[in-house]
Amino acid sequence: MAYVINEDCIACGTCIDECPVNAISEGDIYVIDPDTCTDCGTCADACPTEAIHPA
Ligand code: SF4
Ligand code: SF4
């Protein structure tokens with residue numbers, strides 16, 4: 001399992017700085033690499049639009 005970012009992402013960049021394993025990539029909507037994500041949940045807590053949830 002990994003966390004996923006949905007269409008509520010406003011590309012603010014907050015989550016990228018919070019991820020301890022650098023699993024998040026920039027884009028129009030940010031993307032989490034499921035093979036790298038360790039399911040820690042830190043990014044979900046930091047997201048201002050609650051766009052990140054467990055898959
Ligand atoms: S913190 Fe939330 S809104 Fe900001 S880039 Fe990450 S997923 Fe998108
Ligand atoms: S849940 Fe943790 S490891 Fe996975 S993308 Fe978010 S901050 Fe990174």
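This is a guided tour of the structure above, stop by stop, with something to select at each one.

**Before you start**

The model is predicted, so keep in mind that local features need pLDDT of at least 70 and side-chain atom pairs count only at pLDDT 80 or more, while totals for chains, interfaces and linings use all residues. Residues are numbered from 1 along each chain as its sequence is written, chains are lettered from A and ligands numbered from 1 in the order in which they are written, and side-chain values use heavy atoms, with hydrogens and water left out.

**Stop 1: the whole chain**

Show the protein chain as a cartoon. You will find two helices and four strands; these are DSSP runs numbered from the N terminus, helices being H or I with at least four residues and strands E with at least two. Followed from the N terminus, the order is β-α-β-β-α-β. The radius of gyration is 9 Å, close to the 10 Å of the globule rule for 55 residues, so the chain is as compact as a globular protein of that length. Here the radius is taken over C-alpha atoms, and the rule is 2.2 Å times the number of residues to the power 0.38. Along the principal axes, the C-alpha atoms fill a box of roughly 25 × 15 × 15 Å.

Buried residues are 33% of the 55, where buried means under 20% relative accessible area, exposed over 50%, and partly exposed in between (1.4 Å probe, protein chains only). Among contacts (heavy atoms within 4.5 Å) with a separation of 6 or more, 57% join residues 24 or more positions apart.

**Stop 2: the nonpolar core**

Which residues have the most contacts inside the largest nonpolar core? Select Ile 5, Ile 24, Ile 32 and Ile 52, in a core of 16 residues. Such a core is a set of buried Ala, Val, Leu, Ile, Met, Phe, Trp, Tyr and Cys residues joined through side-chain atoms within 4.5 Å. Strand E1 (3-5) and helix H2 (42-46) are the elements that give it two or more residues. In soluble globular proteins, nonpolar side chains tend to be buried together.

Center on Ile 32. Beyond its neighbours within four places in sequence, Ile 32 is in contact with Tyr 3, Val 4, Ile 5, Ala 23, Ile 24, Cys 37, Cys 43 and Ile 52.

Next pick Val 4, in strand E1. Val 4 is partly exposed, at 43% relative accessible area. Not counting residues up to four places away, Val 4 touches Ile 32, Ala 51, Ile 52, His 53 and Ala 55.

**Stop 3**

**Stop 4**

Look for it in the loop between helix H1 (14-18) and strand E2 (24-25). Is Cys 19 buried or exposed? With 14% relative accessibility, Cys 19 counts as buried.

Gly 41 is buried, at 7% relative accessible area. From Gly 41 to Cys 9, the C-alpha separation is 16 Å.

**Stop 5: two positive phi angles**

Most residues other than glycine have a negative phi. Select Asp 39, in the loop between strand E3 (31-32) and H2, where phi is near 70°. Asp 39 is partly exposed, at 27% relative accessibility.

Then go to Ala 11, in the loop between E1 and H1, with a positive phi of about 55°. Ala 11 is partly exposed too, at 31%.
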